[in-house]
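Let's take a walk through this model together, one chain at a time.

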Amino acid sequence: MSTVALRGYTVLRAGPASFLLHRRAALAALGLLLALAATVVASLCLGESTVAPGEVLKVVLGQPSPHELVVGEFRLPRVVVGLLAGTALGLAGALIQTVARNPLASPDVVGVSWGATATVVGLLAYGVVDSTGQVPYAAVAGGLAAGLLVYLLAWRRGLHAQRFVLIGIGVSVALSSLTSVFLTKGDGFQAQAAKVWMTGSLNGSGYDQAGWLAWVLLAAVPVALWAARAQRSISFDDATAVGLGLRLDRIRLGMALLGVVLASCAAGAAGPVDFVALMAPQIAVRLARSVQIPLFCSALTGALVVVLADLLARRLLAPVELPVGVVTGLVGAPYLMWLLIRSRRGGS
Amino acid sequence: MLPDTESAEPVQRVSHRLEARDLTLAYEARTVAEGLDLRIPDGRVTVIVGPNACGKSTLLRALGRLLKPVRGAVLLDGEELARVPTKRIARRIGLLPQSPSAPEGIAVADLVSRGRQPHQSWWQQWSAEDEAAVAEALERTSTAELAERGVDELSGGQRQRVWIAMALAQGTDILLLDEPTTFLDIAHQVEVLDLVRRLNVERGRTVVAVLHDLNQAARYADHLVAMKDGRIVAQGPPAEVVTAELVREVFGLESVVVPDPVTGTPLVVPGAPWAATVDA
């Protein structure tokens with residue numbers, strides 16, 4: 001029997017079970033994990049007062065330490081929310097870009113971010129909610145509603161990738177105009193608070209946001225594993241994918257829906273943080289050198305980008321704190337242009 | 001039912017695993033084909049021909065469950081195709097669309113290995129069977145030496161062989177090919193069609209192909225189906241079907257049909273050339 005080597009893959013066998021491991025993606029994931037761990041430690045150590053890594057570890061492990069307040073109460077919740085929101089955004093971007101077969105598709109493009117923003121800003125500006133506990137729920141609801149609207153409008157006997165993106169852009173533009181109306185017409189003081197939220201901020205994040213986001217992510221794991229299998233054929237044209245036995249409509253529905261839910265929840269926890277969902281999968285696919293967008297690496301990249309951006313946002317102009325969305329935007333915009341200019345990947 | 005036109009081999013009864021019954025096909029509101037009855041002979045090469053927009057590719061899409069019929073049904077082993085889970089169909093029917101697109105940067109072996117998808121699950125991602133099927137597919141299509149290359153770097157003919165290799169790796173008894181020779185020069189057209197013929201003869205695969213070129217169809221088909229305006233005009237062995245009369249009826253072209261000097265199959269030579277028309 002002749003054999004064939006699949007370049008770049010390692011086959012893991014255990015009895016009748018066999019798994020294909022993309023070596024470079026595994027390596028990238030390992031590297032990302034290490035970088036993420038280092039960034040998390042740095043975020044916990046650095047601030048107005050510098051805390052030694054040893055002391056940080058004590059606090060994280062729950063041992064008594066003089067830095068309990070600064071590290072445990074101020075920095076840790078913020079890092080945790082950043083981690084979770086980044087993970088959700090990275091995964092959401094990877095799923096939506098896979099469905100849309102377009103590197104420029106992301107929750108920002110398919111309406112989710114602007115849905116969350118318009119809802120929160122509208123409710124804040126007209127004083128329906130105050131800027132405390134209800135905002136995350138409003139954001140999740142708004143993001144979901146906009147994402148589903150785009151989905152319904154794009155559905156015509158199946159989800160068409162290009163229709164999905166184009167309708168998403170249309171809905172986003174409409175919602176961003178609506179947001180401007182709310183900002184000018186609404187109560188001035190409240191509108192100011194809304195503007196801060198709009199840039200995406202981890203300032204004042206607490207564990208109440210982290211809790212439900214962690215549950216959503218946990219629930220997303222089996223769906224993501226299922227999606228990862230389907231990715232092997234979804235990256236072909238539709239006819240070939242169906243010919244290989246893929247239930248295209250169902251898989252697209254599942255992936256886009258999960259993407260919308262994750263992005264909405266991330267927006268609920270951290271505000272609509274710009275560009276993370278767009279660039280994380282594109283960075284990940286280049287790191288992993290894989291054919292399809294690697295879901296796990298994208299999630300890790302998203303987490304790394306958000307935590308790192310938040311660290312920069314806190315320290316760059318200290319003592320002034322920037323919202324994390326400003327930093328991701330400042331890095332993201334040039335990156336987007338670079339991508340548009342030189343990338344040949346995907347697009348059609 | 002259609003009259004049995006398998007008279008070329010009077011003794012041997014041919015079975016039909018794939019058939020279409022009273023098929024009406026439409027895109028949105030536009031009806032493309034109506035009342036099609038077709039039985040695909042097992043282990044033979046069936047070629048569907050006809051002028052542009054006659055519905056031949058649409059028929060092939062319906063046979064491959066890419067298009068749901070408005071009326072009638074496609075039957076596979078007696079079951080209505082629309083009711084069979086798509087993954088189970090994928091273990092019996094392999095299909096190569098007219099212009100398939102591969103993910104960018106994919107290597108040949110990786111692409112061909114994805115033909116094994118319908119046989120895999122999340123915990124069986126690469127069995128010994130998968131490996132053997134892919135190795136055999138690469139060998140049969142003479143693409144083994146390209147295995148490490150990127151699909152993007154290949155010539156049109158090589159790329160088409162790689163796609164056929166993927167369909168082969170799928171390990172199905174039935175192969176549907178939609179204009180597999182489009183965009184290829186004549187040498188590569190012959191190469192691809194010879195490959196298809198060899199797969200049929202050596203491996204007993206049932207092939208259904210849509211072809212543009214009537215002479216190639218006559219040369220490679222066991223069973224020829226001629227379509228016009230969404231209807232089947234004639235079907236049977238090429239020697240019986242391809243006549244000057246049929247060419248006039250289906251293509252609206254005056255022609256002389258002579259035996260192909262190499263294979264003896266009907267060869268259509270367009271009559272009444274432009275210059276002759278002017279003289280007259």
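How many helices and strands are there in chain A? Keep in mind as you look that this is a predicted model. Chain A holds 13 helices and two strands. Its radius of gyration is 21 Å, close to the 20 Å given by the globule rule for 348 residues, so chain A is as compact as a globular protein of that length.

What about the inside of chain A? Of its 348 residues, 52% count as buried. Among contacts in chain A with a separation of 6 or more, 75% come from residues 24 or more positions apart.

Now move over to chain B, where you will find 10 helices and 12 strands. Here the radius of gyration is 20 Å, close to the 19 Å that the globule rule gives for 280 residues, so chain B, too, is as compact as a globular protein of its length. The C-alpha trace of chain B spans about 70 × 45 × 40 Å along its principal axes. Buried residues make up 46% of the chain, and residues 24 or more positions apart account for 63% of the contacts in chain B with a separation of 6 or more.

Let's zoom in on one helix pair. In chain B, helix α4 (residues 128–140) packs with helix α5 (residues 156–169) at an angle of about 145°, their axes being 8 Å apart. The crossing of α4(B) and α5(B) is right-handed. On the α4(B) side, the contact is made by B:Ala133, B:Val134, B:Ala137, B:Leu138 and B:Arg140, while α5(B) brings B:Ala165, B:Leu168 and B:Ala169. By type, the residues of this contact are seven nonpolar, no polar and one charged.

Key
Residues numbered from 1 in each chain as written. Chains lettered and ligands numbered in written order. Predicted model: local features only at pLDDT ≥ 70, side-chain atom pairs only at ≥ 80, totals over all residues. Helix = DSSP H or I, 4+ residues; strand = E, 2+ residues; numbered from the N terminus. Rg over C-alpha atoms; globule rule 2.2 N^0.38 Å. Buried ≥ 20, exposed ≤ 12 C-beta atoms within 10 Å, placed from the backbone. Contact = placed C-beta atoms within 7 Å. Axes fitted to C-alpha atoms, helices over the stretch in contact; angles between N-to-C directions. Left-handed = near helix turned anticlockwise from the far one by under 90°. Nonpolar A, V, L, I, M, F, W, Y, C, P; charged D, E, K, R; others polar.
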